[in-house]
Amino acid sequence: MLYSETVNKIDRKERINPEEGLMLLREADLLEVGSLADSVRRRFHPDGIVTFVADTNPNYTNVCDTECLFCAFWRPAGASDAYTLTIDEVLRIMKTSFHNGATTVLLQGGHNPEIKLDYYIELVRRVREEVPLLHLHAFSAPEISAIANYSHITTKEVLEKLWDAGLRTIPGGGAEILSNRVRKKISPLKIDADKWIQVTREAHEIGFKTTATMMFGHVEEDEDIIEHLERIRSLQDETDGFLAFIPWTFKPRNTFLEKKIPREISGDRYLRVLSLSRVYLDNFNQVQGSWFTQGKKMGSISLHYGASDLGGTLYDENVLGCAENKLRATINELVHMIKSAGFKPAQRDTFYKVIKYF
């Protein structure tokens with residue numbers, strides 16, 4: 001009875017509650033929940049257009065004092081392969097990517113106590129001055145919190161200074177699972193779920209647009225996924241500051257969690273969580289499919305399970321590369337993924353506005 005009532009609610013464009021979301025995640029047939037997600041996607045995108053962005057994802061430092069157990073990228077200060085790029089080096093990477101066709105740079109890095117606030121402010125200003133047509137999408141909520149701690153100011157003050165320097169969008173990284181039970185197990189030194197929400201709320205109130213992510217397939221339970229979705233749906237109700245939701249899966253290679261979780265989750269589980277996310281997040285315009293963690297074939301399939309965007313080309317990517325995830329895609333490959341699934345490809349900017357049709 002609960003299942004049929006839930007389906008009827010979705011058909012009537014009514015919001016489902018956590019109990020109904022949990023039931024869909026656990027009990028619904030994959031094809032059925034995929035069909036529900038597809039109907040919600042068509043509600044938001046009736047024209048059948050699927051977008052992507054030409055972007056690059058460099059990392060300015062791998063030194064990090066947060067030491068997350070799921071991350072293969074971080075290094076302690078003084079490690080033989082630890083690095084911190086100068087602003088000139090970061091700009092050089094950005095300029096090369098821009099000349100190769102990138103319109104957005106997704107810039108993130110480790111929580112490095114040696115990097116001062118002036119570094120971040122100068123970096124934002126110089127990107128605006130030297131590569132004005134390249135959009136800087138930078139510094140996730142945990143980075144903002146770390147910068148504030150190292151600088152002995154509030155996260156709101158950091159955000160205001162970045163806004164004044166010219167930053168306008170912030171990536172939704174560092175969310176992992178917004179359940180404190182989970183975070184204590186996989187990232188006990190990182191900000192908790194409440195702090196992530198607080199920093200993101202502050203960013204939205206200042207005027208930033210952000211994304212929201214979810215990294216799943218490790219120690220979380222179904223209830224944790226629902227908690228995550230409920231938290232960001234509630235914040236979107238409050239601020240309308242999220243541009244998109246981006247779920248992706250844990251890559252265990254070379255992480256401290258690899259012995260406990262040696263294998264990645266199945267494609268079935270990925271599609272089930274993706275579909276549930278599209279149905280649950282009724283106030284999000286975009287939900288992204290992950291060819292990058294799931295492979296290009298699954299990237300195409302994801303478009304029939306609620307995804308309306310395929311992310312970016314990721315010209316430079318190091319975080320998951322350290323977990324031996326080496327997938328890359330050209331614009332032509334992304335166009336092919338979208339067309340082969342029966343959709344109309346379009347290149348977008350960071351704000352999800354179409355800049356070119358194919």
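Buried means under 20% relative accessible area, exposed means over 50%, and partly exposed is in between, with a 1.4 Å probe and protein chains only.

**Ground rules**

I noted that this is a predicted model, where local features need pLDDT of at least 70 and side-chain atom pairs count only at pLDDT 80 or more, while totals for chains, interfaces and linings use all residues. Residues are numbered from 1 along each chain as its sequence is written, and side-chain values use heavy atoms, with hydrogens and water left out.

**Overall form**

I looked up the secondary structure and found 14 helices and 10 strands. These are DSSP runs numbered from the N terminus, helices being H or I of at least four residues and strands E of at least two.

I then asked how the radius of gyration agrees with that of a compact globule. A compact globule of 358 residues would have a value near 21 Å, and the protein has 19 Å, which agrees. The radius is taken over C-alpha atoms, and the globule rule is 2.2 Å times the number of residues to the power 0.38. The C-alpha trace spans about 60 × 45 × 40 Å along the principal axes.

For contacts I used heavy atoms within 4.5 Å. Of the contacts with a separation of 6 or more, 76% are between residues 24 or more positions apart.

The protein exposes about 14,700 Å², and carbon and sulfur atoms supply 50% of that area. Accessible areas come from the Shrake-Rupley method with a 1.4 Å probe; for residues, only the protein chains shown count as cover.

I also looked up the charges: there are 45 positive and 50 negative ones, and their mean positions are 3 Å apart. Lys and Arg count as positive and Asp and Glu as negative, while His and the chain ends are not counted. Each charge is placed at NZ of Lys, CZ of Arg, CG of Asp or CD of Glu.

**Aromatic pairs**

A pair of aromatic rings is described by the distance of the centres and the angle of the planes. Rings of Phe, Tyr and Trp (its six-membered ring) pair if their centres lie within 6.5 Å; planes under 30 degrees apart count as stacked, over 60 as edge-to-face and the rest as tilted. I find 13 aromatic pairs by this rule.

Why is the pair of Phe216 and Tyr270 stacked? The ring centres are 6.4 Å apart and the planes stand at 5°, so Phe216 and Tyr270 are stacked. The pair links distant parts of the chain, 54 residues apart: Phe216 is in strand β6 (residues 209-216) and Tyr270 in helix α11 (residues 267-280). Phe216 is buried at 0% relative accessible area, and Tyr270 is buried at 1%.

Next I looked up Phe245 and Phe284, whose ring centres are 6.4 Å apart with planes at 80°, so this pair is edge-to-face. Phe245 lies in strand β7 (residues 242-249) and Phe284 in the loop between α11 and α12 (291-294), so the pair ties together parts 39 residues apart in sequence. Phe245 is buried at 0%, and Phe284 is buried at 0%.

Ring pairs also link a cluster of Tyr60, Tyr119, Tyr120 and Phe139.

**Positive phi**

Most residues other than glycine have a negative phi. Phe139 has a positive phi, near 70°. Phe139 sits in the loop between β4 (135-138) and α6 (141-151) and is buried at 0%. Tyr352 has a positive phi near 65°. I find Tyr352 in the loop between β9 (344-348) and β10 (354-357), buried at 12%.

Leu243 is in strand β7 and is buried at 14%. Which residues does Leu243 touch, not counting those up to four places away in sequence? They are Lys209, Thr210, Thr211, Gln286, Thr350, Phe351 and Tyr352.

Is Lys9 buried or exposed? Lys9, in helix α1 (residues 2-11), is buried at 16%. Beyond four places in sequence, Lys9 touches Glu14, Arg15, Ile16, Asn17 and Glu20.

Arg43 is in helix α3 (residues 30-44) and is partly exposed at 33%. Beyond four places in sequence, Arg43 touches Ile10 and Lys13. Arg43 and Asn285 are 242 residues apart in sequence and 9.7 Å apart in space, C-alpha to C-alpha.
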